[in-house]
Amino acid sequence: MPHIVLQLSGKPDDTLTLNAVRTVSQLTLDTLHKAPEVIAVTVDYIAHDRWFIGGAPLSELGKNAFHLDISVTDETNTKAEKALFISQVFESLGALLGNVHQCSYIHVIDARAAAYGYGGRTQEYRHQLAGVL
């Protein structure tokens, strides 16, 4: 049940948005083993002159960038899975955007099951319910 927040540099582009969402969702399914029906993604674009790295805007650096936060339930993925996911996302989004700055960040947020959920239920509730069935 990951929630993904993706920021891309540049002007809104519907084709890029769709390709980025599909790519990140597939990596989330394949690498982090999350159910596709509960993968939620939001995408925002930030102008190159409003995205700064090292104090300089991307417009001066001549680069693109992205930032991805993904919230997953703590203890549901190994360190190796998260490291592979980070590597895959960097390579995949880098290929889609082109000319990506190294300071494009991916953050896998391990959220406590008792403090994270959807549909009005925590992941801890779902875990306990699954143990009963």
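The buried residues of helix α3 pack against β1 (3–9), α1 (14–32), β5 (66–73) and β6 (105–111); here "buried" means under 20% relative accessible area, with a 1.4 Å probe and protein chains only. The model is a predicted one, in which local features need pLDDT of at least 70 and side-chain atom pairs count only at pLDDT 80 or more, while totals for chains, interfaces and linings use all residues. Residues are numbered from 1 along each chain as its sequence is written, and side-chain values use heavy atoms, with hydrogens and water left out.

On α3 itself, the buried set is E81, K82, F85, V89, F90, L93, G94 and L97. An α-helix has 3.6 residues a turn, so residues three or four places apart point the same way. The length of α3 also works out: its 19 residues (79–97) should span 27 Å at 1.5 Å a residue, and the end C-alpha atoms do sit 27 Å apart. That expected span is 1.5 Å times one less than the number of residues. Just after α3 comes G98, with a positive phi of about 75°.

Zooming out, the protein has four helices and eight strands, taken as DSSP runs (helices H or I, at least four residues; strands E, at least two) numbered from the N terminus. Along the sequence they follow the pattern β-α-β-β-β-α-β-α-β-β-β-α. The C-alpha atoms fill a box of roughly 55 × 30 × 25 Å along the principal axes, and buried residues make up 37% of the 133 residues. Of the contacts (heavy atoms within 4.5 Å) with a separation of 6 or more, 74% join residues 24 or more positions apart.

Key:
Buried < 20%, exposed > 50% of the residue type's maximum accessible area, 1.4 Å probe, protein only.
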